[in-house]
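The sequence and the structure are shown first.

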Amino acid sequence: MSHLRPSPEEHNQLLQEIGPLPIKGMAWPAWIKLMAWATLAFIGFQIIRIAAGPLGQNISPMVTGSIIVCYVGLLVLARYMQISVTSITETGIQQSWLGRREIAWEEIQFVKFIPLLASKKMICFPARGRPVVFQAGTKELQIAFARISLVYRRRK
């Protein structure tokens with residue numbers, strides 16, 4: 001499988017092309033983070049409105065507890081979306097998340113860039129193990145992800 005990876009010369013050229021390293025940026029675009037917080041505020045308002053009204057008296061404590069646990073989980077995810085940073089360095093690609101996502105250049109066998117409307121993603125496929133997904137919330141990261149994907153696509 002190592003024949004699918006770029007040669008050391010191609011890899012060095014790629015690192016030169018994507019710019020001075022490290023490239024760091026927010027993992028999620030600002031508008032996505034704003035939408036996440038606005039949605040959570042709306043859901044929280046609805047939970048409080050229903051809990052304070054007559055319908056709230058008829059809800060089982062187990063259901064109430066489940067809703068609260070799910071809402072807290074969504075708050076935690078939104079917080080990590082807010083602070084998550086993606087970095088491209090000489091050693092590989094990292095992203096802070098609930099756990100640290102990272103992959104070394106030597107481990108990457110194939111890369112797929114997915115330019116969705118809401119977020120730009122890059123999936124890195126190692127020779128062994130699970131693929132690693134990285135988010136790009138800035139133009140610099142998005143351009144770097146596209147260039148990395150092109151170099152690895154030529155190797156197929």
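H11 is buried, as its relative accessible area is 16%; buried means under 20% relative accessible area, exposed over 50%, and partly exposed in between, with a 1.4 Å probe and protein chains only. H11 belongs to helix α1. Apart from residues up to four places away in sequence, H11 touches P6 and W105, where contact means heavy atoms within 4.5 Å.

## Basis of the model

The model is predicted: local features need pLDDT of at least 70 and side-chain atom pairs count only at pLDDT 80 or more, while totals for chains, interfaces and linings use all residues. Residues are numbered from 1 along each chain as its sequence is written, and side-chain values use heavy atoms, with hydrogens and water left out.

## Fold and dimensions

The chain contains four helices and seven strands, arranged along the sequence as α-β-α-α-β-β-β-β-β-β-α. Here helices (H or I, at least four residues) and strands (E, at least two) are DSSP runs, numbered from the N terminus. With a radius of gyration of 20 Å, well over the 15 Å that the globule rule gives for 156 residues, the chain is more spread out than a compact globule. That radius is taken over C-alpha atoms, and the globule rule is 2.2 Å times the number of residues to the power 0.38. Along the principal axes, the C-alpha atoms fill a box of roughly 70 × 30 × 20 Å.

Of the 156 residues, 37% are buried. Among contacts with a separation of 6 or more, 58% are between residues 24 or more positions apart. The accessible surface is about 9,700 Å², and carbon and sulfur atoms hold 65% of this surface; the areas come from the Shrake-Rupley method with a 1.4 Å probe, and for residues only the protein chains shown count as cover.

## Nonpolar cores

A nonpolar core is a set of buried Ala, Val, Leu, Ile, Met, Phe, Trp, Tyr and Cys residues joined through side-chain atoms within 4.5 Å. The largest such core has 23 residues, and those with the most contacts inside it are I18, I88, I93, W105, I108, C124 and I148. At least two residues each come from α1 (8–17), β5 (108–115), β6 (120–126), β7 (132–136) and α4 (139–153). Helix α4 gives the most to this core, with six residues.

Beyond its neighbours within four places in sequence, I148 is in contact with L14, I88, I93, W105, V111 and M122. A second, separate core of six residues includes I32, A36, M81 and W97.

## Loop residues and a cis peptide bond

L21 and P22 are joined by a cis peptide bond with omega of about 5 degrees. P22 lies in the loop between α1 and β1 (23–26).

P22 is also one of the residues that T89 touches, together with L21, Q94 and W105, residues up to four places away in sequence not being counted. T89 sits in the loop between β2 (85–88) and β3 (92–95) and is buried, with a relative accessible area of 14%.

R147 is located in helix α4 and counts as partly exposed at 34% relative accessibility. Leaving out residues up to four places away in sequence, R147 touches L14, E17 and I18. R147 and E17 are 130 residues apart in sequence, yet their C-alpha atoms are 8.1 Å apart in space.
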